[in-house]
Amino acid sequence: MPKQEKSVGRGMGHGPHLHQKPKNFKKSLKKLFSYLKTFLPVIIIALVLAVGASVLSVIGPKKLSAITGLIEDGLLFGIDTDAVTKVAISLLIIFGVSAIFSFFQQFIMATVANKFAKKLRTNISKKINSIPLGYLDTHSRGDVLSRVTNDVDTVGHSLSQSIGTLISAVTLLFGSLIMMFVTNWIMALTAIASSVIGFALMMLIMAKSQKYFRQRQAELGKVNGHIEEIYSAHNLVKAYNAQEKTSSEFNQLNKQLYKSNKKSEFLSGLMPPLMGFIGNFGYVAICVVGAVLVVNGYIGFEIIIEFMLYVRLFTSPLSQIAQGFNHLQSGVAASERVFEFLEEKNMSSEESCIEYINPTNAKGDIEFVNVHFGYLPEKTIIQDFSCKVKAGQKIAIVGPTGAGKTTLVNLLMKFYDINDGDIVIDGKSIKTLKRSNVHNLFTMVLQDTWLFEGSVRDNICFNRKDISDEQILEVCKVVGIDKFVLSLPHGLNTILDDNNSISAGQKQLLTIARGMISNAPFLILDEATSSVDTRTEELVQKAMDKLTENRTSFIIAHRLSTIKNADKILVLDNGNIVEQGNHKKLLELNGFYANLYNSQFKK
């Protein structure tokens with residue numbers, strides 16, 4: 001069973017998609033580390049272990065050189081096995097402790113990375129509940145999901161693979177460099193000279209590849225957005241034979257992702273073989289220079305062995321640094337998208353919202369006072385809208401598509417803040433009421449059905465407690481789905497998922513039952529009967545009449561037959577009330593409403 005969820009309609013003129021701004025690697029990296037402050041003590045421990053492991057690795061060649069010297073001397077005077085054994089044992093201890101340090105460093109960083117990723121997901125979850133509806137209206141759901149899943153996973157993987165590796169590699173690099181100069185400065189300069197070109201090329205590649213890592217994450221978000229959008233309406237795509245068109249669009253997005261991914265991976269993939277070549281070149285240079293020094297009696301053969309190991313320790317970190325920076329670049333590119341979302345402006349502050357209306361004691365009066373609103377500052381949608389609604393009245397809102405009907409509901413529910421004017425509920429300005437309080441005052445039944453994977457009971461009692469099965473079945477009986485619910489394999493305990501075949505009308509009736517189970521003083525019906533057939537509509541209409549008893553109700557309708565008994569009908573066009581009155585009065589006017597009505601019922 002497809003489960004769809006849309007924001008309460010955008011009404012008219014929602015804003016354009018927001019484009020990404022140019023990013024700064026250093027700034028983004030600094031921001032990433034600032035978010036890691038809470039994990040700083042543990043990270044420091046991991047880094048100390050990484051440094052310790054590297055220092056011990058640097059000591060190793062000196063011990064190997066000592067063994068080589070003992071063996072070389074032993075060829076002439078006899079090998080001192082005790083001395084060799086002692087040096088070998090100390091070498092094993094050094095390498096063993098180094099391995100243990102490396103293990104715990106990696107374990108700690110993996111734990112920190114996963115906890116940080118968990119923290120990011122938690123922050124994103126909280127952010128989604130505080131971000132303005134306008135953001136979700138101007139960004140595809142697939143792109144938002146990509147930030148929550150792919151980008152957060154990339155950040156976590158990057159942290160576990162980059163920070164410890166970089167610190168260990170840098171320590172190993174400088175440690176081996178110091179030991180080389182201590183051992184022989186001529187050969188040390190030879191090793192450095194052979195590696196300088198590697199450093200230069202590595203920095204050049206890093207500078208070129210970062211923009212492709214950013215592009216890869218952005219293109220991945222676009223692909224996810226396209227997939228989520230198309231496959232959630234796959235039947236519609238097939239019905240319109242649009243497979244070729246959507247496949248072409250996907251191929252274009254996939255091609256862009258392929259290009260950016262290829263470039264980033266190609267450039268980053270150049271580093272390991274490049275570092276390998278530099279390392280091998282260093283071995284050759286050391287062998288040549290070392291041979292000259294041995295022949296001239298400046299050093300012994302064991303020094304060449306020691307330097308061969310130091311060259312490996314010196315060039316290996318270059319490859320590790322390159323790999324670590326690859327992971328870091330990918331993580332920073334992903335973190336930019338995550339932090340961009342987390343740093344979006346929240347909904348307006350509610351510090352001044354000190355008023356409160358108890359839902360159980362609400363009277364039900366609402367007044368729109370010279371309301372002005374536009375989704376974009378430069379484009380006003382609702383212009384100087386005023387209307388008084390008395391408690392218990394049934395108000396129908398009609399008009400052509402784009403007239404501003406759903407926009408009024410968005411303002412009434414405080415999903416958006418009005419630009420000018422006021423909405424007064426029971427004598428209290430909506431500006432002084434918290435959003436949670438306003439939401440508790442209203443029951444909403446929307447045109448777009450939303451059922452989540454859960455039992456029938458959970459779907460009807462969504463976010464409501466202490467509701468008995470008898471109450472649920474009574475509501476189902478009023479709506480007319482009691483027989484349907486009881487015919488399900490497990491009744492109210494039946495799990496609604498993709499394996500259950502439920503019609504659009506049955507889904508809508510379940511959402512209507514969800515609205516009826518709530519006891520809020522105000523009711524909003526946004527095309528609640530649009531998905532049911534004519535016979536079911538009559539049953540639902542009776543249920544709606546019962547639901548609207550003693551409640552101030554707002555009914556958005558295109559089927560004008562459903563609002564004949566409304567106390568007042570507001571006819572909207574271009575955000576303004578062009579007519580208002582009851583059904584009979586508006587027909588007698590023979591104006592805008594009469595034309596709408598006659599177009600539906602006169603042949």
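This is a predicted model: local features need pLDDT of at least 70, side-chain atom pairs count only at pLDDT 80 or more; totals for chains, interfaces and linings use all residues.
Trainee: How many residues of helix α11 are buried?

Mentor: Helix α11 covers residues 405-412 and is mostly covered. Lys405, Thr406, Thr407 and Leu408 are among its buried residues, and so are Val409, Asn410, Leu411 and Leu412. That puts the count for α11 at eight of eight.

Trainee: Moving on to α16, is threonine 511 buried or exposed?

Mentor: Threonine 511 sits in helix α16, which runs over residues 504-517. The cut-off for buried is under 20% relative accessible area. Threonine 511 has 7% relative accessibility, so the label is buried.

Trainee: How are α14 and α16 oriented to each other?

Mentor: Two packed helices are described by the angle between their axes and the distance between the axes. For α14 (residues 469-479) and α16 the angle is about 125°, with the axes 9 Å apart. The crossing is right-handed. Given that angle, the two helices are therefore oblique.

Trainee: Which residues make that contact, and what are they by class?

Mentor: α14 brings Gln471, Ile472, Val475, Val478 and Val479, while α16 brings Leu509, Ile512, Ala513, Met516 and Ile517. By class, the contact of α14 with α16 comes to nine nonpolar, one polar and no charged residues.

Terms used:
Residues are numbered from 1 along each chain as its sequence is written. Side-chain values use heavy atoms; hydrogens and water are left out. Buried means under 20% relative accessible area, exposed over 50%, partly exposed in between (1.4 Å probe, protein chains only). Helices (H or I, at least four residues) and strands (E, at least two) are DSSP runs, numbered from the N terminus. Axes are lines fitted to C-alpha atoms, for helices over the stretch in contact, and angles run from 0 to 180 degrees between N-to-C directions. Angles under 35 degrees count as roughly parallel, over 145 as roughly antiparallel, 65 to 115 as roughly perpendicular and the rest as oblique. A crossing is left-handed if the near helix is turned anticlockwise from the far one by less than a right angle, and right-handed if clockwise. Contact means heavy atoms within 4.5 Å. Ala, Val, Leu, Ile, Met, Phe, Trp, Tyr, Cys and Pro count as nonpolar, Asp, Glu, Lys and Arg as charged, and the others, Gly among them, as polar.
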